Amino acid sequence: MPAIQPPQSAPEPMARLLLQWGVAAPPTAPVAERLGGWLGWADAIGLSQVLANPPTTATSDTARHEAQDWASAALERLQAELAAAFDDALLERESAEPAPDGVPLADLMAPYRLHHAQQQRGMAARVATLRERLRPRLAESSGTLARLAQLDALFERAIQAQERALLGGLPALLTRRAEVHHATDPRHWRTRVWADLQRLLRAELDFRLQPVQGLIEALHDDAPR
């Protein structure tokens, strides 16, 4: 297992990275309109029930402080472990070597696609687990946070298909980047692909963690004033 090391610098936002790689952002509709298109009838009913029922959980400063400490430590640990898993010493070493002659680009890209797929599965599972474990801690802290936890669970289900579709297209984007690098430098293009993959993984992790970070920020913003 690779040693756990903190990230060297802040990850690039996914939208900025995609723009740098020539992927234009699609036209955006208002948030409420987009959510309306994503919610199924069961989700819409659940949303109306959550919004109609007033919060009933009493505010507990002790529970909130404990949740803050737990969440911050859990997030830091998860970020470090997933970032460490992005590394692959053998693949990085092979990427630095000249590409062999006569091997199709698709075959040479196979290890990168495999590594990307493995990291995507790991990120999806572990981020979802952290998010699921965080919600009950919010619910124990205050009525407002209990409602937020309910909404987060509902929206996680509602937009998971859109998220899968977005992130599922990233391997194809990496392949297009490889084709560009290969055309520019047929012998040493893999070094650039490896660097692109690392940037992409870090941006993807940052994207996947945004809901978790939002819940943690809410834990701090809910503090009595």
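This note sets out the main features of a predicted model, point by point.

1. Overall make-up. The chain contains 9 helices and 0 strands. Followed along the sequence, the order of elements reads α-α-α-α-α-α-α-α-α.

2. Burial and surface. The chain has 225 residues, of which 36% count as buried.

3. Contacts across the sequence. Taking contacts between residues at least 6 apart in sequence, 87% of them link residues at least 24 apart.

4. The pairing of H4 and H6. Helix H4 covers residues 61-85 and helix H6 covers residues 105-139; their axes come within 11 Å and cross at roughly 175 degrees. Angles over 145 degrees count as roughly antiparallel, and H4 and H6 are therefore roughly antiparallel to each other. On the H4 side, the residues that make the contact include Ala67, Trp70, Ala71, Leu78 and Glu81. On the H6 side, they include His115, Gln119, Met123, Arg126, Val127 and Leu134. By type, the residues of this contact divide into 12 nonpolar, 3 polar and 4 charged.

5. The nonpolar core. The largest nonpolar core comprises 44 residues, and Met109, Leu134, Trp189 and Val212 have the most contacts inside it. Two or more residues are given to this core by each of helix H1 (14-20), H4, H6, helix H7 (143-168), helix H8 (170-184) and helix H9 (189-221). The largest share comes from H9, with 14 residues.

6. Val212 within the core. Val212 is among the residues with the most contacts inside the core. With residues up to four places away in sequence not counted, Val212 touches Leu75, Val127, Leu130, Arg131 and Leu134. Of these, Leu75 belongs to the H4 side of the contact between H4 and H6, while Val127, Leu130 and Leu134 belong to the H6 side. Leu134 is also named among the core residues with the most contacts.

7. A buried glutamate. Glu204 lies in helix H9. A residue counts as buried when its relative accessible area is under 20%; Glu204, with a value of 0%, is therefore buried. Neighbours within four places in sequence aside, the residues in contact with Glu204 are Met14, His116, Gln120, Met123, Leu167 and Leu170. Met123 also takes part in the contact of H4 with H6, on the H6 side.

Terms used
Residues are numbered from 1 along each chain as its sequence is written. This is a predicted model: local features need pLDDT of at least 70, side-chain atom pairs count only at pLDDT 80 or more; totals for chains, interfaces and linings use all residues. Side-chain values use heavy atoms; hydrogens and water are left out. Helices (H or I, at least four residues) and strands (E, at least two) are DSSP runs, numbered from the N terminus. Buried means under 20% relative accessible area, exposed over 50%, partly exposed in between (1.4 Å probe, protein chains only). Contact means heavy atoms within 4.5 Å. Axes are lines fitted to C-alpha atoms, for helices over the stretch in contact, and angles run from 0 to 180 degrees between N-to-C directions. Angles under 35 degrees count as roughly parallel, over 145 as roughly antiparallel, 65 to 115 as roughly perpendicular and the rest as oblique. Ala, Val, Leu, Ile, Met, Phe, Trp, Tyr, Cys and Pro count as nonpolar, Asp, Glu, Lys and Arg as charged, and the others, Gly among them, as polar. A nonpolar core is a set of buried Ala, Val, Leu, Ile, Met, Phe, Trp, Tyr and Cys residues joined through side-chain atoms within 4.5 Å.
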